[in-house]
Amino acid sequence: MASSALISETEQWKNLKQHVSEIQKTHLRDLMNDVDRCKSMMVEYDGIFLDYSRQRVTQDTMGKLFKLAEAAHLKDKIEKMYSGQKINSTENRSVLHVALRAAREKEIYCDGKNAVPEVWEVLDKIKDFSEKVRSGAWIGATGKALKDVVSVGIGGSFLGPLFVHTALQTDLEAAEYAKGRQLRFLANVDPVDVARSIKDLDPETTLVVVVSKTFTTAETMLNARTLREWISSSLGAEAVAKHMVAVSTNLPLVKDFGIDPANAFAFWDWVGGRYSVCSAVGVLPLSLQYGFSVVEKFLEGARSIDNHFFLAPFESNIPVLVGLLSVWNVTFLGYPARAILPYAQALEKFAPHIQQLSMESNGKGVSIDGTPLPFEAGEIDFGEPGTNGQHSFYQLIHQGRVIPCDFIGSIRSQQPTYLKGEVVSNHDELMSNFFAQPDALAYGKTPAELLQDKVPDHLVPHKTFTGNRPSLSILLPSLSAYNIGQLLAIYEHRIAVQGFVWGINSFDQWGVELGKSLATQVRKQLHASRVDKKPVQGFNFSTATLMSRFLEVNTSYDETVLPKNVI
Ligand SMILES: O=P(O)(O)OC[C@H]1O[C@](O)(CO)[C@@H](O)[C@@H]1O
């Protein structure tokens, strides 16, 4: 195993470790009284406003975190990423999702070749194809226009596009372009997900987009074969050419599957699955639903943050700031989780996307050169839109475990609503909570305040809020396609910053492999038992018992069976 200079061995790291005891003596209630401190913790860029004054940090802490970033060679690592160096060293790959949203004239080199023209070649092809489908120039096998799309993919080939689709659905401009069309996703290999994804759809008017970087993912390929059967059993095998297209880096396998390579939309091995929403993975299904012009604005929003992340000094660099704060919270203050709390129903799929982005990227136990980490990296991400979360898990956040929170809100609502005579508009009501919750967490409520409020003695401990619970607030101007792109890029870069500082590889995901290979053995056994009546063997007692019980109910493999309620 390689030996390396771990970041935890640097003076800058040790200084922060020592500094923790200083911070333990402070309370946010007091820190928030220092207006100069608060002012210094507010940053604005291109309409995005970040307030991190409710983090458990002083200006001294921030200075020490910037020094840690220097010790971790953060600037250098960002530059290496942007210049196409193979920073994903365990897979020998560049990490160039920034090239996916680069301006047409930009030059970003990978293996000595400018990647941007290829990116735009695919974007132009998507624009052309999506316009043909949307206008009815591309028709299905029976001559009907294709108004519905099912995007089949999992993980990074699903969660990002689902987040953006959900966010755009209620944006008035995007919704106008989507009239009369449906976009659905099929991810889980559970046949119930197949049934849901095609319920009430007609194969004659449906286009299936198979999205898989590798084109080998077991779940996606079985789902793709299932929808191919759904189409061909109804319209004939030749219909597949008109009703199925693909997004992949593996064009030979696309062809083997039976999809015309002319109807395949490429991307490249320098795009990580969870960083792929700005490639054809997201751009194709989203353009089919909303039109390319809307999706282009999403890409422009992401590009704006890419430029900011590359150019802005760390002190005013939003992804760097939020990334360093997460490192501080996880590794130095020992808070293992992060709650993502958008006060926006349109962002209901944001937390699930960030869950994969963050936990698959930074859920690592060794440094980039294989040395076991003597500290905790990565964090547990979860979240729900406010105010729903308030009536669910916020109790624990207020009085139980300390969980740093990201509050995300927007100045304008996608759906302005006001009932004459009400105290506030519906969006103002929502945002009242966005502004109140961070203070409730930071300030809490003391026993003295409770006694003053005449709370009976025996209830005082139950009604006490210790406060001093960190959060940050991100206020967006609105939830347009552009702002959604900005938000995505802030989090993508934040997660990279965390990984760069921890000294890990945020761009591989070996941890998902073991379960996949064990499933292969189980799959073989299930087939052997069902078809050849072979006994279960080669598994431990527990797994063998569970599988034998499962196999007691006979499933016939003689005929093709599709989900019943949709045939
Ligand atoms: O796009 P593919 O190759 O089907 O992979 C899907 C997903 O599977 C993973 O490899 C593991 O879950 C993800 O990183 C990836 O996004």
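Ser8 sits in the segment before α1 (11-24); helices (H or I, at least four residues) and strands (E, at least two) are DSSP runs, numbered from the N terminus. With a relative accessible area of 14%, Ser8 is buried (buried means under 20% relative accessible area, exposed over 50%, and partly exposed in between, with a 1.4 Å probe and protein chains only).

This is a predicted model, in which local features need pLDDT of at least 70, side-chain atom pairs count only at pLDDT 80 or more, and totals for chains, interfaces and linings use all residues. Residues are numbered from 1 along each chain as its sequence is written, and side-chain values use heavy atoms, with hydrogens and water left out.

**Confidence and domains**

- The chain has a mean pLDDT of 97, and 99% of its residues reach 70 or more; pLDDT is the predictor's confidence in each residue, from 0 to 100.
- As for the overall scores, the model gets ipTM 0.98 and pTM 0.97.
- The chain splits into domain 1 (27-87 + 312-414 + 428-505), domain 2 (99-297) and domain 3 (513-552), with bounds that come from an automatic or database domain assignment.
- Between the C-alpha centres of domain 2 and domain 3 there are 34 Å.

**The five-stranded sheet**

- An open sheet is built from five strands in the order β6-β5-β7-β8-β9, with parallel pairing; two strands pair if DSSP finds at least two bridges between them.
- β6 (182-186) and β9 (264-266) are the edge strands, each with a single partner, so one side of each has no neighbour in the sheet.
- On average, neighbouring strands here are turned by 20° against each other, direction ignored (axes are lines fitted to C-alpha atoms, for helices over the stretch in contact, and angles run from 0 to 180 degrees between N-to-C directions).
- Strands β7 (206-211) and β8 (244-248) pair in the parallel sense over four bridges, and Val209 has Val245 in β8 as its bridge partner.
- Helix α6 (116-135) packs on the sheet and touches β7, β8 and β9, its direction making about 150° with that of β9.
- Helix α9 (191-198) also packs on the sheet, touching β5 (148-152) and β6, and its direction makes about 175° with that of β6.
- β5 and β6 run parallel and are joined by five bridges; Ser151 is partnered with Phe185 in β6.
- Four of the five residues of β6 are buried, leaving this strand mostly covered.

**Leu201, between α9 and β7**

- You'll find Leu201 in the loop between α9 and β7, and at 8% relative accessibility Leu201 counts as buried.
- Setting aside neighbours within four places in sequence, Leu201 is in contact with Asp148, Val150, Gln182, Arg184, Thr206 and Trp230.

**Nonpolar cores**

- The largest nonpolar core has 129 residues, and Tyr52, Trp270 and Phe298 have the most contacts inside it; such a core is a set of buried Ala, Val, Leu, Ile, Met, Phe, Trp, Tyr and Cys residues joined through side-chain atoms within 4.5 Å.
- Helix α21 (481-502) gives the most to this core, with 13 residues.
- Both domain 1 and domain 2 supply at least three residues each to this core.
- Apart from this core lies another, of 24 residues, including Val150, Val194, Ile231 and Val254.

- As background, most residues other than glycine have a negative phi, and most peptide bonds are trans.
- Strands β1 (42-45) and β2 (48-51) run antiparallel and are joined by four bridges; in their hairpin, with two residues between the strands, Asp46 takes a positive phi near 45°.
- Asn92 has a positive phi near 50°, lies in the loop between α5 (74-82) and β3 (109-110), and is exposed, with a relative accessible area of 53%.
- Asn468, not a glycine either, has a positive phi of about 60°, but at 12% relative accessibility Asn468 counts as buried.
- From Gly386 to Thr387 the peptide bond is cis, with omega near 10°; Thr387 is in the loop between β11 (380-382) and α17 (394-399).

Methods. Contact means heavy atoms within 4.5 Å.
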